[in-house]
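User: I have a structure open and would like to go through it with you. Can we start once it is on screen?

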Amino acid sequence: MSDHELDARNLLCPMPVIRVQNKVNQLQAGDILTVYCTDPGVKQDIPAWCRINGHALVGEPEERDNDIILTLRVGD
Amino acid sequence: MTKQYKAVSLISGGLDSMLATQLVLAQGIHVEGINFFTGFCVEGHTHAIRKHDKNKVKRNNALWVAEQLGIKLHIIDIVEEYKNVVLNPKHGYGQHVNPCLDCKIFMVGKAKAWMEAQGFDFIITGEVIGQRPMSQLAKRMPIVAAESGADDRLLRPLCAQNLAPTLPEREGWIDRAQLKDFSGRSRKPQMALAKSFAIDDYAQPAGGCCFLTDKNYATKLQDLWQARKKRDYELDDIMLLKVGRHLRPTENFKLIIGREEGENNYLSGYRKQFTSMRVLDHEGPLALVDGTPTAEELHLAARITARFSQGRDAQNVEVGITTDSGSAHTLNVQPLPADELPKAWYV
């Protein structure tokens, strides 16, 4: 298990979701991915994408400065 | 043990693909969704940049539909490959710059490649005969199946009974009798079917799900091609066409002016790619300068930007200008009076 980060700032949905999807495809089950975004839509879309594809959101989306930060654990 | 057949469904986020998928799921088929991002997609979030749309649900409808159906959804970035569809459509454009038939052929072709790579058996679309003028005419539906290469592995559950039986129907993977015979532009059969599935919340985009069918957007795209003397685009170009007021006072440059705080924030993400300007001594929008204005034209751009600020009635205002490389200077300008801003500048 390892920790990873992804910069999806200044991208409009669904691009952050696509970037997350493509990154997760390279990761192993149990890996942690932290995503930095600016489009408020990710607060809906990344959790929805996680739910339908079997990944787990760790905690709530966090807002810091102008960033929206989401952390997820890759599912099986 | 009987084989579990698997289908990939083109999910747009609208009602038709949702119903088509549900009809197939109801027959015990394993379905996964595929959604293509072309860059021209009308996304709730694009609208949600603007304040007046903040009451709208900020959701991606394709993801939402997949969740309602309980299926996986794969979102595929086809921005680069899609350029050829937009720029060189074999079957031409619809009313604006919408290459609907080529688009459908391309997407079904991509779905076929995905189906083969993933070991799936057939493809589902929400197409209905006669519903859309360009891509869903009865005579054109066989073109989609043939030119995409999907042939008889392309199932249109909502109008299947009006078409020749496809492989999944002939082989008995799916019961044709449980599919539908919808045709035409009426939405009543879909609404009744939605009710029978207890689906009461779904997206109903007035102009479809693609900006290329939008007259104003098409005008901006054609202006971009004309100004650059080249029919081409990058993703940033076509995203920016969705945001702000676009004014082209001369051939040399265009101004993109944020209309609201959300748009200003979005445009500010492009300050390293464009010269940007903002009135410093009054509240006002962020403006991006696309092109290569002369010093005189840059002065005009500053006056226009000032026109859209709270300082529009002031004698003079300070406009801060930052180039894409980060060097900054200010111009002291008289805001352009309303009667000196011709409507023809609006793209």
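User: Which residue is the bridge partner of B:Asn35 in S3(B)?
Analyst: The partner of B:Asn35 is B:Ile75. Strands here are DSSP E runs of at least two residues and helices are H or I runs of at least four, both numbered from the N terminus. Before going on, note that this is a predicted model, in which local features need pLDDT of at least 70, side-chain atom pairs count only at pLDDT 80 or more, and totals for chains, interfaces and linings use all residues. Residues are numbered from 1 along each chain as its sequence is written, and chains are lettered from A and ligands numbered from 1 in the order in which they are written.

User: How many bridges join S2(B) to S3(B)?
Analyst: Five, and the two strands run parallel. Two strands count as paired if DSSP finds at least two bridges between them.

User: What is the strand order in that open sheet?
Analyst: In chain B the order is S3-S2-S1-S4-S5, five strands with parallel pairing. S3 (73–77) and S5 (154–155) of chain B are the edge strands, each pairing on one side only. H1(B) packs on the sheet and touches S1, S2 and S4 of chain B. The direction of H1(B) makes about 170° with that of S1(B), where axes are lines fitted to C-alpha atoms, for helices over the stretch in contact, and angles run from 0 to 180 degrees between N-to-C directions.

User: Is helix H1 of chain B mostly covered or mostly open?
Analyst: Mostly covered: ten of the eleven residues in 15–25 are buried. Buried means 20 or more other C-beta atoms within 10 Å of the residue's own, exposed means 12 or fewer, and partly exposed is in between, with C-beta atoms placed from the backbone. Among the buried ones are B:Leu15, B:Met18 and B:Val24.

User: What do they pack against?
Analyst: Besides strands S1 (6–10), S2 (30–37) and S4 (122–124), the buried residues of H1(B) pack against helices H3 (61–69) and H8 (188–196) of chain B. Contact means C-beta atoms, placed from the backbone, within 7 Å.

User: Which residues touch the most other members of the largest nonpolar core?
Analyst: B:Ala7, B:Ala66 and B:Ile123, in a core of 115 residues. Such a core is a set of buried Ala, Val, Leu, Ile, Met, Phe, Trp, Tyr and Cys residues joined through C-beta atoms within 7 Å. Helix H5 (100–118) of chain B gives the largest share, nine residues. The core lies between domain 1 (6–210) and domain 2 (243–345) of chain B, because both give residues to it; the domain bounds come from an automatic or database assignment.

User: What is B:Ile123 in contact with?
Analyst: Leaving aside neighbours within four places in sequence, the contacts of B:Ile123 include B:Ala7, B:Val108, B:Met115 and B:Leu154.

User: Changing topic: how do S6 and S7 of chain B pair?
Analyst: S6 (245–250) and S7 (253–257) of chain B are antiparallel over four bridges. They form a hairpin with two residues between them, and B:Arg245 stands opposite B:Ile257.

User: And where is B:Asn264 found?
Analyst: In helix H11 (261–268) of chain B. B:Asn264 is partly exposed, with 19 other C-beta atoms within 10 Å. Not counting residues up to four places away in sequence, B:Asn264 touches B:Gly258, B:Pro285 and B:Leu286.

User: Last one: how many residues does each chain bring to the contact?
Analyst: Chain A brings 17 and chain B 18. On the side of chain A, H2(A) gives the most, with seven residues.

Key. Two residues are in contact if their C-beta atoms, placed from the backbone, lie within 7 Å.
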